[in-house]
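Subject: A structure for you to look at

Hello,

I am passing on a structure that you have not seen before, and my notes follow below it. Please have a look at it first and then read on.

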Amino acid sequence: GDVQKVMLFATNRDRQVAVDCLRKLSAEVAARYPEIKITASTWNNVELNISTAHKGNALKRFAEHLGLSLANCMAFGDGLNDLTMVEAAGLGVAMANAEPEVKRVAKVVTTSNDEDGVAAVVENML
């Protein structure tokens, strides 16, 4: 079948050099191929996806499979690859260490991954 995702990782030991390189690459790809969705899960990678291959669609399909509406779904995220999922869920939760864009679309911001932020929200909901 068609390629749906390409992942690129920077190996430069200088974090800022790697981040700058990946930003430049992302800008070039976005300018040339606007139909490609560009995300990242960590500072040292870029994920190039077809426009429909993202976690928001995956959550929607999974919820439909279970007979649930997205309003009844909770999703947690921190990276840009989580953005569509957090946005799609009835209760989208961003971790304290999440990218600013993820925090912006979340309904709740919890403590960081290292501070058991997922457990804090789940316990609060129960």
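Which order do the strands β4, β5 and β6 take in their open sheet, and is their pairing parallel or antiparallel? The order is β4-β5-β6, and the pairing is parallel. Two strands count as paired if DSSP finds at least two bridges between them. Helices (H or I, at least four residues) and strands (E, at least two) are DSSP runs, numbered from the N terminus.

Before going further, a word on the source. This is a predicted model, in which local features need pLDDT of at least 70 and side-chain atom pairs count only at pLDDT 80 or more, while totals for chains, interfaces and linings use all residues. Residues are numbered from 1 along each chain as its sequence is written, and side-chain values use heavy atoms, with hydrogens and water left out.

**The overall picture**

The protein has five helices and six strands. Read from the N terminus, its elements follow the pattern β-α-β-β-α-β-α-β-α-β-α. The C-alpha trace spans about 45 × 35 × 20 Å along its principal axes. There are 126 residues, and 33% of them count as buried (under 20% relative accessible area; exposed is over 50%, and partly exposed lies in between, with a 1.4 Å probe and protein chains only). The protein exposes about 8200 Å², of which carbon and sulfur atoms supply 54%; these areas come from the Shrake-Rupley method with a 1.4 Å probe, and for residues only the protein chains shown count as cover.

**The parallel sheet**

Back to the sheet from the opening question, which has the order β4-β5-β6. Its edge strands are β4 (74–77) and β6 (108–109), each of which pairs on one side only. Strand β5 (residues 91–94) runs parallel to β6 and is joined to it by two bridges.

The loop between β6 and α5 holds D116. Although D116 is not a glycine, it has a positive phi of about 60°. Most residues other than glycine have a negative phi. D116 counts as exposed because its relative accessibility is 54%.

**The antiparallel sheet**

A second open sheet has three strands in the order β1-β3-β2, with antiparallel pairing. At its edges are β1 (5–9) and β2 (36–39), each pairing on one side only. From one strand to the next, the twist averages 20°. β2 pairs with strand β3 (residues 45–50) in the antiparallel sense over four bridges, and a hairpin of five residues joins the two. Along this pair, I36 stands opposite I50, and the bridge partner of K37 is N49 in β3.

K37 is also one of the residues that T84 touches; the others are H54, K55 and G56, not counting residues up to four places away in sequence. Contact here means heavy atoms within 4.5 Å. T84 itself is found in helix α3 and counts as buried because its relative accessible area is 15%. A polar atom of the T84 side chain lies 2.9 Å from the backbone nitrogen of G56.

**The core**

Which residues make up the largest nonpolar core? There are seven: L83, V86, A94, A98, V102, V105 and A106. A nonpolar core is a set of buried Ala, Val, Leu, Ile, Met, Phe, Trp, Tyr and Cys residues joined through side-chain atoms within 4.5 Å. Helices α3 (83–88) and α4 (100–105) each supply at least two residues of this core. Leaving aside neighbours within four places in sequence, V102 is in contact with G77, D78, G79, L80, L83, V86 and A94.

Helix α4 also holds P100, which is exposed, with a relative accessible area of 57%. P100 and A63 are 37 residues apart in sequence and 26 Å apart in space, C-alpha to C-alpha.

Terms used. Axes are lines fitted to C-alpha atoms, for helices over the stretch in contact, and angles run from 0 to 180 degrees between N-to-C directions. A polar contact is a pair of N or O atoms within 3.5 Å; within protein, one must be able to donate a hydrogen and the other to accept it, and residues adjacent in sequence count only if both atoms are side-chain atoms.
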